[in-house]
Amino acid sequence: TAASSSLKADVTSVVAGGRVVYTMDFQDQYNNSAPIPEPISRISLELSDGTTDTILDISDQTVDYPTGCFDAEDNYYTCISVTAVLTASGTYSASATLDSEPIMSNPSITVSNSQIVSTSLSSVTTIEDQIAGSTVSFNVSVKDIYGNDYAYDSLSKRVSFRVEMRLPVSGSETLNENGGSATHLYGGLWTVSPKGCPAASQSCLTSCQVCRAGVYTFSFFQGATNILGSNSMQMTVSAGEPANFQVAFSYSPDPVNATTIAPQEIFSGISFQTFDVYGNPITSSSQPTTSVAVQFLEPAFIPADCRSEAADDDDDGEGSDQLTTFTLLNITYEGNGVYRPYFFGTQRGSAKIAVLVGGKYVCGSYASVTVTIGNPNPNSTMIFGAENTVVGAPKTMTLIFSDAYGNQVPAQAGTVVRAYGMANFTLSGAYLWTLVDGNVWETTLNKTAVLNIHYVTFVIGTYTASLEVAGVVLRPSQSLTVASEAIDNFAMPEIGTRTADRIFTSTVTVQDQYGNTVNSTNHTVIVQLTRVSSGTTYRVEATNVLTADGSTIVSFVILNAGTYIPTVTIIGSDGTKIVDGRAQPRFTVESSVCAAADPSKPFRCMDDSCATGHKDCPDSASHCNTLTPVKCYDGSCAVNSTACGCPTGQERCPTGACQESGTCHAKPVCGLNEVLCSGYAASVCRKSIEDCPSLRVCLPGWIMCPDGLSCAESSAGCANFSRDGHATCSDSRLLKCHDGSCAPSIDSCPTLTTCSTPGHVVCPDGSCANSAWNCTEQPLCKFSANVFRCQDGSCRSKPGDCPSYTVCPPSYVLCESGACAKSISECPRAMTCLPTEKRCPDGSCAKGSSSCPTKATCTASEQVLCGDGSCRATQDDCNDPIDCGSEMIFCPDRTCADNALRCPSVMQCTHDYP
């Protein structure tokens, strides 16, 4: 019976592949040995590992009959045995049945792994190809010969596991647990991870095991056994993107020819291999995405990011950045990380070729290229040093011969150079210059790269010099202005024979030592005419240059016939006498018709009538033109009031007044940043020409009197306008001002008006207008109770009642409004007059001249009218003038306002009260 029978195993454990003998001992219900059940198929034997059940075949062919189980007495076997070979590791439980009834006992058998590695059953997961530096990981499954996981149940077994990694070029690396590149997971499974360096940091580069590009071969071992038999596995590691660590230059056909090019030659004989961050040459057939560029630098220049290398370099890191003389056309990618730049250079010299990867320089890896010179090209000849000069001063211009690209190159032997337009010059230098046909200078060169041409002339003018090289005229032409030297001489035409009582003029033209006219306006010409028989001297001092050629026109009226000797004195701006009383050819003055007819009336007037003097001549009805708008007292026309001659025996002083000859004071000496206003009513100093006093005019048909300020209907009306009634100042230390007052200096004389609009003129009453035709008509004092005509045209009973003129501080301008300002640009804003209104002399607006504010009159003891409206003894006693600024209005009461309506009303006196 099954319940009485038993199942036994001969062992409790085996190694995989070991044999286990299971024995079933049969007994009856009384525990007596019983014969083997017939048929034997009534018996079953099953092994189970808890997951899988294995039924063993029980048949006559698979069972053994142990001899110890034979019952000789009864002649039968009481037991059978079944042999099982167990290969799968694990714990097995055996169970048997008889007629489906379980036989007692279930022996357990433990099957351990085999220690023999199977080269056919062990495996490695796929090893993917990688980019250099990447993290690599794959698994190795080690099996025994029965497919069981190899048992790594001891340290010695784990230490015996290794992967031999053969490197791309040479050598190998062992990957194991000790090195940290292999990790035992469980059973026979390992993870193998060669060390990478994805960030390419210095900390991991030295230990990186997969940073070199190429084919890696892996062999797997457990002890001496190659786990895969004779097989191995491979992994291809490719280079990454180009990095800025290094490049390698190649030259075609050779380094010498590849680095020496002609100007403008498009060249591509230089290429360079790029590398990734691990030093692997790029092998990609398609162009990498990382940018690669080329720059041409000065040979000595080291980029700032590379300066740390300067200690190992002879360069000092100085120099400029990119060269503009080289042009990069494009860069082609030729595959496998090789780039080829196409470029050209224009100027002779060398450049350092630097490569930039990802926008950063590849430090320490440079190539050099040199541009040689081309053939000389006349059109590329450069001219330097052609500059303006003065007569007698040698100058040098330089020709530098170049090729078509501006590289300096010697001219070929026999090259002919010609200079046109320089006939008045003398040319010299290292080569002999010859004047051909009287107007062309010529020389022949002998292989020179630089030609210095020394030139000098003694004739002033503006010259257009053209240079020709090898038949090619150089462009542009050179404009040379040759100025005169300082004044050294003069020219004055002979006066010849003249008639008494007639105005005659003579021109004195200043010259340098070579006879060239000096265009000077800052000198004084004094001409004296001395009568031989009596020694009488007529003296005219002229500081006004009437033409632009350095000429000064002087005018004389001589009443007495005789022979005269003219002498000329020229005084420079610093007061130095350049020419001191040089005598000129004598001339004769014949008796006038008037003197012969009536000696008491020797003066001949403009209408050919005879008079005692110019004051007795009738006025001429003729008008002067716009070029000479001022009609002088003698009937002549002049450019301005001081151009009018003074009466006989007098001269025009720097103050503008006429005084007896020899009694004038010197002209003022202006400061460093000032100009001398000459040719105006007085010689004064101002900050600029624009600040100089404006031209003073008379009404059409009226004449300008000798004082340069007063206007009259006729010469007879030019009485003595001096406020003190004297022709000269009683104190010799004082000078006479243009208004007849006396002052210690020109700065203390009344200030002349400067109109705010360029080209406007000052009318007789002191107001500004665009022409004399628009000046207010003057009152006729002869019909007034106040018969004395003042210089501003107003009528008073006596000279002392005439309005005073404002005296501004030195160098100040007198604005139209009567305000004093440092310059015309700082004058207060002018009032805007209605079309029906008249602009008064002080800049205010009124219905008519009679409604204009009355001008102030200072007393004789305090005759200086200051800029603030007060009267003082001298200008030095004046307070600072009122400063309204250019945005405000200067009111007639000498206060400031933002518009005319805010100006206070001012007193207006009746016509017979000053």
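User: How much accessible surface does the protein chain have, and what share belongs to carbon and sulfur atoms?
Analyst: About 43200 Å², with 49% on carbon and sulfur atoms. Areas come from the Shrake-Rupley method with a 1.4 Å probe, and for residues only the protein chains shown count as cover.

User: Where does this model come from?
Analyst: This is a predicted model: local features need pLDDT of at least 70, side-chain atom pairs count only at pLDDT 80 or more, and totals for chains, interfaces and linings use all residues. Residues are numbered from 1 along each chain as its sequence is written, and side-chain values use heavy atoms, leaving out hydrogens and water.

User: OK, what is the radius of gyration of the protein chain?
Analyst: 62 Å. A compact globule of 914 residues would be near 29 Å. The radius is taken over C-alpha atoms, and the globule rule is 2.2 Å times the number of residues to the power 0.38.

User: And what box do the C-alpha atoms fill?
Analyst: Roughly 210 × 85 × 45 Å, along the principal axes.

User: How many helices and strands are there?
Analyst: Four helices and 74 strands. Both are DSSP runs numbered from the N terminus: helices are H or I, at least four residues, and strands are E, at least two.

User: What order do strands take in the open sheet with S1?
Analyst: S1-S3-S9-S6, with antiparallel pairing. Two strands pair if DSSP finds at least two bridges between them. The edge strands are S1 (6–9) and S6 (63–64), each pairing on one side only.

User: What joins S6 to S9?
Analyst: Two bridges; S9 spans residues 79–86. Val 63 has Val 82 in S9 as its bridge partner.
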